Amino acid sequence: DIKCFLGEKHVKAILISGIGLREQFIHYFGYGFEEKLKEYRGMRVVPKFSIKDKNSLFLNHEANFLCISADYKVKAIEILIIAWQSLTNRTKLTIVCDFLPENLLELIELDTSINFIKAAPLDKRLKQKLLKNSSISILLTHIDGGATLNEGLGYGHALIINECNKERQYIANNNGFIIPFKNKFYEPGRYGVEWNSQEEYLKIVDNDFKKGEYNSSIIELSRAFTMLIDDPKILRDMRIKSLELAHYESVSESNKDLKNIFKDIVKNKS
């Protein structure tokens, strides 16, 4: 049904945003609609610092990590905590989540390097304070997402994200780390074949986690933490690159792309 709709003459353009999504679209719908595919900058980030000041920013900033999560299970909080607690040298990790089960609460109870904030939704002023006082944003997700990374980009955070549907979009400027995950919810050839719901998918993830299939992910995550903690230059370079990406993917630049696409459609129509 979707393929028939996209082929209609009145459908003049198919807006697509993000590295990797074009390949995913072609996997499902083939090359017949390539002329209609119009790419635009869809992250629509709001940069908090001027790009002119990038070289004077982020000096002597400690590696403070921030993870804002809506769901501990979907956002792989257990993997995050295990990787963090494997470090010998820790700074500060703030986890925001409305619920953690007893086994995870027990893990972090005596860990003074972890600041757990139970909140849903998170107060806007508190969120801004956390973003301002952090230097790295983390998004580990078994399903998909990215809104918290958009905000982190705006503050020039180095980013940590796992392999998912959008990882290359967020780490497009060598501004962070991509952590390998065995499973991807939207992986072509598996999505809708091996699982038909989030519940089925999360059962597969849980079984693989129990079998140790995510141990390599924990190791790579620990390495990323260590590099950012031990080398301030790496952290600062990634923060500057994130700020550059934030301006490239800003709301104003996205609007320019959309205006040009709309103008071309009108021009070709006339």
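Visitor: Which residues line the largest cavity?
Guide: Keep in mind that this is a predicted model. In it, the lining of the largest cavity is made up of Leu66, Ile68, Leu131, Ser137, Ile138, Thr148 and Leu149.

Visitor: And how much space lies in there?
Guide: The largest cavity holds about 40 Å³. Searching the whole structure turns up one cavity of 30 Å³ or more.

Visitor: Which elements supply at least two residues of that lining?
Guide: That would be β3, β6 and α6. By class, the cavity lining has five nonpolar and two polar residues, with no charged ones.

Visitor: OK, strands then. What order do they take in the sheet?
Guide: The order is β5-β4-β3-β6-β7-β8, six strands in an open sheet with parallel pairing. At the edges sit β5 (114-118) and β8 (176-179), each of which pairs on one side only. From one strand to the next, the twist averages 15 degrees.

Visitor: Zoom in on β3 and β4 for me. How many bridges do they pair over?
Guide: Five, in the parallel sense, between β3 (residues 64-68) and β4 (residues 92-97).

Visitor: Now the helices. Which strands does α3 touch?
Guide: Helix α3 (residues 77-85) packs on the sheet and touches β3, β4, β5 and β6 (136-139). The direction of α3 makes about 165 degrees with that of β4.

Visitor: What about α6, where does that one lie?
Guide: Helix α6 (residues 147-154) lies across β3, β6 and β7 (158-162). Relative to β6, α6 runs at about 170 degrees.

Visitor: There's a glycine I keep clicking on, Gly145. Where is it?
Guide: Gly145 is in the loop between β6 and α6. Leaving out residues up to four places away in sequence, Gly145 touches Lys75, Leu139, Lys166 and Tyr170. Lys75 is 70 residues from Gly145 along the chain, and their C-alpha atoms are separated by 9.1 Å.

Visitor: Switching to pockets, what's the space in the largest one?
Guide: About 350 Å³. The largest pocket has 16 lining residues, and nearest its centre are Tyr72, Lys73, Glu78, His142 and Asp206.

Visitor: Which elements give two or more residues to that lining?
Guide: Those are α3, α4 (102-108) and α8 (198-210). The largest share, six residues, comes from α8.

Visitor: Last stop, α9 and α10. At what angle do they pack?
Guide: About 100 degrees, with the axes of α9 (residues 215-230) and α10 (residues 232-248) 5 Å apart. An angle of 65 to 115 degrees counts as roughly perpendicular, so α9 is roughly perpendicular to α10.

Visitor: Which residues meet between them?
Guide: From α9 you get Met227, Leu228 and Asp230, and they meet Pro232, Ile234, Leu235 and Met238 in α10. Sorted by class, that contact has six nonpolar residues, no polar ones and one charged.

Methods: Residues are numbered from 1 along each chain as its sequence is written. This is a predicted model: local features need pLDDT of at least 70, side-chain atom pairs count only at pLDDT 80 or more; totals for chains, interfaces and linings use all residues. Side-chain values use heavy atoms; hydrogens and water are left out. Two strands pair if DSSP finds at least two bridges between them. Helices (H or I, at least four residues) and strands (E, at least two) are DSSP runs, numbered from the N terminus. Axes are lines fitted to C-alpha atoms, for helices over the stretch in contact, and angles run from 0 to 180 degrees between N-to-C directions. Contact means heavy atoms within 4.5 Å. On a 1 Å grid over the protein atoms alone, a cavity is a set of points where a 1.4 Å probe fits but cannot get out, and a pocket is an open set with protein on both sides within 12 Å along at least five of seven lines; lining residues have an atom within 4 Å of a point. Grid points are joined across faces, edges and corners, and a volume is the space filled by probe spheres set on the points. Angles under 35 degrees count as roughly parallel, over 145 as roughly antiparallel, 65 to 115 as roughly perpendicular and the rest as oblique. Ala, Val, Leu, Ile, Met, Phe, Trp, Tyr, Cys and Pro count as nonpolar, Asp, Glu, Lys and Arg as charged, and the others, Gly among them, as polar.
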